Amino acid sequence: MPIILDHQLREHIPHNALEFPITFFHDELSTLPDWAGPLHWHPDFEIATAECGVLDYQVGGEHIILEAGDSIFVNGNMLHGIRQLSGNTPDAMPNIVFSGTLIAPETSAIYQKYILPVAQCDWLPFIVFRSSNPSHGEMHGCIEAVYRLMNEKPVCYELAVQRNINRIFEFIADHFDQFPKNTATRIQISNQIRLQKMLSYIYENYAGPVTLEDIARAADISRSEAGRCFHTYMGYSPVDALIQYRLQMAHRLLSEGTQTLQQISFACGFNSVNYFSRRFKQKYGYAPSKSSDMGK
């Protein structure tokens, strides 16, 4: 299932928030150019696992490397993205996105005592469960069980899913003061909001003329501050981010095979087919005219 974002980079999660607020995703990377997902956020918690490749899981401004077998718990409302670093095929990267109300209602004592402190914790943007850490063995078992249950949906699977998620939060509560304190990510939340606004502007206006000043104005900051913000979180300039997004959209249109190169070039904000073709080949390793041979 592709990552669907609204104009604020908030991911649309298709689970029913009232009935059973958890969604299972699988094989998302295979649908994404370069096996990389865009920076986005959602109010729900997320747990994801590297199955066979090495993944770069970005949370805020920090990059966490996940080896095969490692899992990560991402707190709600954290800007995050994913990129596969190794492997000849896209990693299946099973993951779940769920609300704390899966465990208990927000007004309950359980939610107030065990869920809310995690959701509101300024220094806990993520937790990594390493496959090499024996103390994380039970958590890996719980996470794998949830993936299997959500995929197969056997009789009474909802109860079993809830039981395993409860155990994960019990582990977090038991070890709460032992997790590494990461203050930088939440302290810099204003920069994340700025980045969200600027990326939202790019995503909404990429098809037309866009300048660095336009991007900076979307967050009401200077061009130099916009540049620092992008370099901190994305490693390249706002204009490069614009070009990369245009190329991603062109990649998607090419895969549909319904438009000419010129139509796709103009639809994605490139005024020159030659320039579009050159930048596309630089990014993907083949000319857009060879899109039928599309690889990673």
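Strand β4 (residues 55-59) pairs with β5 in the antiparallel sense, and five bridges join the two. Where they run side by side, Gln 58 stands opposite His 63 in β5. Keep in mind as you look around that this is a predicted model. From this pair of strands we can move on to the whole sheet, then to a helix, and finally to the aromatic rings.

**The sheet around β4 and β5**

- The two strands belong to an open sheet of four strands, which has the order β2-β7-β4-β5 and antiparallel pairing.
- Which strands stand at the edges? They are β2 (36-40) and β5 (62-66).
- Each of these edge strands has a single partner strand, so one side of each is left without a neighbour in the sheet.
- On average, neighbouring strands of this sheet are turned by 20 degrees against each other, with direction ignored.

**A helix you can check yourself**

- Helix α8 covers residues 238-256, which makes 19 residues.
- At 1.5 Å a residue, α8 should span 27 Å, and this agrees with its end C-alpha atoms, which are 28 Å apart.
- Just after α8 comes Gly 257, which takes a positive phi of about 65 degrees.

**Aromatic pairs and a cluster**

- How many aromatic pairs are there? Counting rings whose centres lie within 6.5 Å, the total comes to 17 aromatic pairs.
- One of them joins Phe 276 and Phe 280, with ring centres 5.8 Å apart and planes at 65 degrees.
- Are Phe 276 and Phe 280 buried or exposed? Both are buried.
- Tyr 284 and Tyr 286 form another aromatic pair, this one tilted, at 6.4 Å centre to centre and with 40 degrees between the planes.
- Tyr 284 and Tyr 286 are buried too.
- These two pairs come together in one aromatic cluster, made up of Phe 270, Tyr 275, Phe 276, Phe 280, Tyr 284 and Tyr 286.

**Charges over rings**

- Elsewhere, Lys 181 lies over the face of Trp 123, at 4.4 Å from the ring centre.

Conventions. Residues are numbered from 1 along each chain as its sequence is written. This is a predicted model: local features need pLDDT of at least 70, side-chain atom pairs count only at pLDDT 80 or more; totals for chains, interfaces and linings use all residues. Side-chain values use heavy atoms; hydrogens and water are left out. Rings of Phe, Tyr and Trp (its six-membered ring) pair if their centres lie within 6.5 Å; planes under 30 degrees apart count as stacked, over 60 as edge-to-face and the rest as tilted. Buried means under 20% relative accessible area, exposed over 50%, partly exposed in between (1.4 Å probe, protein chains only). A charge sits over a ring if NZ of Lys or CZ of Arg is within 6 Å of the ring centre and within 35 degrees of the ring normal. Two strands pair if DSSP finds at least two bridges between them. Axes are lines fitted to C-alpha atoms, for helices over the stretch in contact, and angles run from 0 to 180 degrees between N-to-C directions. The expected span of a helix is 1.5 Å times one less than its number of residues.
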